[in-house]
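Let's take a walk through this fold, one piece at a time. Have the model open alongside as you read.

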Amino acid sequence: MEDGTQHLGHCMVDMKELSANPEGLTAAGVFWTHKLPRVEFSLACSDLVVSGRDRKPNALVQVAVIDPHKQHLISHTSTEIVEANRDPLFLTGVTFPPEYPASPETLVKLTVYDAKAKSQESSSFLGTATFSVGDLLKAKDERLTLSIRSPDGVCAAGTVVVSHLRMGEMEEVDVDHITTDIPTQKCPLVCESATHACIDRENSPLTGPVFKNPVCKVYRFQTMDCKWMLVREQMEECTLSFSIPKQLLSLYIQEDMSRVQELRELGELSPHWDNLRKEVMTRYGGIINSYQETLAELDKITGRSFKPSCCKSQKSLEFIPINLHTQRMRVTCPRKTDAFYDIITVGAPAAHYQGFKCGGLQRLLSRYEAEKKSFSTTYQCIYYSPEHTAKAQEVLSAMSLLQPLITTLVEQLLQAAQEHSSPGLKEALKNLSDKTEQFVHILNDELVKSALLALHAARPGYVSKSQQRADMQAGQGQGQGQHGSEHAQSPARGLPGHSPSSVVNESATVCNNVEASQISTRGDGVPLPLKHQDSIPHHKEYDEEEWDRVWASVAKSLNCVIAMVDKLREEDNSKQETVPERQLADVITSHNPGDWKGQLCPLVTRLKECVMEVVERAKRAMTFVLLQEAACSIPQGFLLQQRRDVVFSQALAALACGFVMRLYAGMQDKAFLRQLHLVGLVAQFESLLSTYSEEIGMLEDMEIGISDLQRVTFKITEAKTDDLSDLQPLVCGRRDHFTVEVPLPRLVFQTLPEEIKEGKPLQVFPVLFNVGINEQQTIAERFGDISLQERINQRNFEMLEAYYKSLSEKVPLECLPCFQTQTDLKELLETLGQNVVTKKRKNVEILWIAGAICRRLNGIRFTSCKSAKDRTSMSVTLEQCALLRDEHQLNKDFFIRALDCMRREGCRIENVQKNIKCRKYAFNMLQLMAFPKCYRPPEGTYGKVDS
């Protein structure tokens, strides 16, 4: 990057200011505007005095702010504990974000303690020191050395050095009196680059249309070559936590209300089918009312951007993702480019309010499909496979999209004819032909034809005529009629994908409206076997070829339009060629522009009428398929749909948040944008759920929720205005497919590739990897079943491998991010594949390798556990320190200290505080004994809490 910034992750920006200040566009593709400096400083003490000369203190410093205007003390933060050291150097710095009221007059009070235990609950007071922000900024080298006043205020208890930190190039400075806990190492200062080549992007608030309420932490860690790196964590909430679920609820309500209207428009049905229709409409009405109540409750919530973990089972918030946050780590190393690493943390998408007594979606759906055939018998309806149901929904969606599009294209064709524009006519005809052929192709399906017959059989007239015919035949031979009735056929028998169990022999006349007389018989009364083409029951009054004629009429009408356009264009060309010498005025007067339109108008009118007729018939047929699906689903199917809606809502909110983050980071990275529109992005979800007890149900929910994200595409649009409300992502579509539109300011939008600006759908490929790490997973591995985890990991590895293959075929791998570790991507995938099939307990290497692959593929990283609070915090901090070690040469002697700093005083403990109002991870000693060692928090940071 030209500005010296290496985007290995993502960055978040203020999009409103982004468009207002185009001169702030950097080579990284992000706009930044000048803000007041962020006040950050590091701390170190020397010559600390404690009672007992032979004992060295376990020092920590608590930082408080005194507002000069309000004259009250605000506890702000504290450092980590440095054990047994009179001259401690604290790795945890202090940061005041730009929105914090840190004026030059603001006073900062430092209180030094000797911690008796790591929990900080038992500590002795050593002394205090106070300074103003202005004093620090004016001091030589922006460094203050202050005396620590003892409790009696008379003698000094040591000194504290306060050094102003700036992100930028690192310069080593000898400070003899400040040492680290490692002998012979000096403490450097962090200074701003003299050339100012690296813009202080952190001066820009990372709030905006999507991200808000940042929490910042800063550290300094030593590298292998005894230099020092500066590390900043930033965690933010995301407004999409609420806006995406609210939009989805509105779309769910709209879709279900449309379904009810479609059921009403089916027309008159026999009493049996009419009763089923009424029952289904009542069920839909219940869902609509429930969703409307939930939406009304969410509309009452203002100023809130995340759902705390303690509210995960609250009904009014069940569509909201749990504890959704973004986290970014920025690293500045000596004479190296800055790097960013981002991750989204969210509680596992799951229906906590509905509970997990009977399992999660994966198990419930499998059981439901197995039982649905018996439901079809109970409710005397036709069983349709999930594939047929999905096809019916696809046909309905396609018709609702294509019919108005064809109408619009017809008008464009007529407009071109009126203007006597041969090129315009050619272009309009091409578009009309493409969409009409697509329309015809979608309806060329046996399901539509068979559903029309089933609907015909459900009409009252069909039943009455069948009954009448049966009565007439009953007088001719009662025995034959009884014999035939034993073999009455359902309209479902023999249909592709239909189960024989859906036949209801004992009530065929009432239920399926098919009489025994319809069965072909030999002279001896024995029924003839049905041929394949005769597997659909026939009725002499129903013309099966009628649908073929109606459906084909669309293509015939289009061919007539094409022929007429060709004729008009040929005549126009021939006239221009035969009379080249004629004056232009004569040519114009010889053509009446209305001729073309007049000749085309009857033909395109016929085309529109044919399309309308086909749509009406097919719409009723597919609605009847979905009616039968819904009737077979009562009541379990409706409950499962509600559960699936809840889980998908949580998953989509998280995905949209991650997509926006990644987009903001790469808006002018040409290689990334090329990858985005040619292939799409991988979204890698890491889960730490166990496969035991309730968490197995959560994992079953999560698996389906993440899989359903394959039905989502993204589209980048140009915002109407630069107002923040117009920069919020929007969701449109229905359950079988949703599109998330991400608006960008005009100036930003114009920098994107043409394919993206033209609205090309952008794909996201979600993959899920799970490895349980807690004590419940220990039970599952020893006495239970971990096949769900094994199946999920194997299936998603194959999906990840397929994505890599597609990417490598379309995008040069040299365009992907560069990392210090030289392991080849293909080699990483092979290693992941080996780990997935290896029988190894708590094989967390699967998660590590999958995360590394995701980052190398320019992907979006997610980490989840039950509430994204405790286990997630252990994983995120471990990943960050591993990145510092592998990519920035973090000194091995500092690895554990860095890990403890982040877990004890970093953004993740602040996340815990936000969720449960307590700064303790919800672990106990027994649980931690089952954890892999690298996932255990430092002593004093965990305990029994209500999570």
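Is Phe 131 buried or exposed? Phe 131 counts as buried, since its relative accessibility is 4% and the cut-off for buried is under 20%. Keep in mind throughout that this is a predicted model.

## The overall picture

The protein chain runs to 947 residues, and buried residues make up 56% of them. On the secondary structure side, there are 27 helices and 19 strands.

Take the contacts in the chain with a separation of 6 or more: 76% of them are between residues 24 or more positions apart.

## Aromatic pairs and charges over rings

Back to Phe 131 and its ring partner. The structure holds 16 aromatic pairs. In one of them, Phe 41 and Phe 131 have ring centres 5.6 Å apart and planes at 80°, so this pair is edge-to-face. Phe 41 sits in strand E2 (residues 39-46) and Phe 131 in strand E7 (residues 123-132), so the pair ties together parts that are 90 residues apart in sequence. Phe 41 is buried as well, at a relative accessible area of 1%.

Elsewhere, ring pairs join Tyr 252, Tyr 291, Phe 319, Phe 648 and Phe 738 into a cluster. Phe 648 also has a charge over its face: Arg 711 lies there, 5.1 Å from the ring centre. Arg 662 does likewise with Phe 672, lying over the face of that ring at 4.2 Å from its centre.

How much of strand E3 (residues 59-66) is buried? Seven of its eight residues are, so the strand is largely enclosed by the rest of the structure.

E3 has pairing partners to look at. With strand E6 (residues 107-115) it pairs in the antiparallel sense over eight bridges, and there Gln 62 has Thr 111 as its bridge partner. With strand E4 (residues 73-78), E3 again pairs antiparallel, this time over five bridges.

## Strand E12, covered on both faces

Now for strand E12 (residues 325-332), where eight of eight residues are buried. In a regular strand, side chains alternate between the two faces of the sheet. Which residues of E12 lie on each side? His 325, Gln 327, Met 329 and Val 331 are on one side, with Thr 326, Arg 328, Arg 330 and Thr 332 on the other, and all of them are buried, so both faces count as covered.

As for pairing, E12 and strand E11 (residues 228-238) go together in the antiparallel sense over eight bridges. Here Gln 234 stands opposite Arg 328. Strand E13 (residues 338-345) also runs antiparallel to E12, joined to it by seven bridges. In that pairing, Arg 330 stands opposite Phe 340.

## Helix H7

At 1.5 Å a residue, its 22 residues should span 32 Å, and the end C-alpha atoms are 31 Å apart, which agrees.

What caps the N-terminal end of H7? Ser 421 does, with a side-chain oxygen 3.0 Å from the backbone nitrogen of Gly 424. Further along the helix, the buried residues include Leu 425, Leu 429, Leu 432, Phe 439 and Leu 443.

Key. Residues numbered from 1 in each chain as written. Predicted model: local features only at pLDDT ≥ 70, side-chain atom pairs only at ≥ 80, totals over all residues. Heavy atoms only, no water. Helix = DSSP H or I, 4+ residues; strand = E, 2+ residues; numbered from the N terminus. Expected span 1.5 Å × (residues − 1). Buried < 20%, exposed > 50% of the residue type's maximum accessible area, 1.4 Å probe, protein only. Polar contact = N/O pair within 3.5 Å; in protein donor to acceptor, adjacent residues only side chain to side chain. Phe/Tyr/Trp six-rings, centres within 6.5 Å; stacked < 30°, edge-to-face > 60°. Lys NZ or Arg CZ within 6 Å of the ring centre and 35° of its normal. Pairing = 2+ DSSP bridges. Contact = heavy atoms within 4.5 Å.
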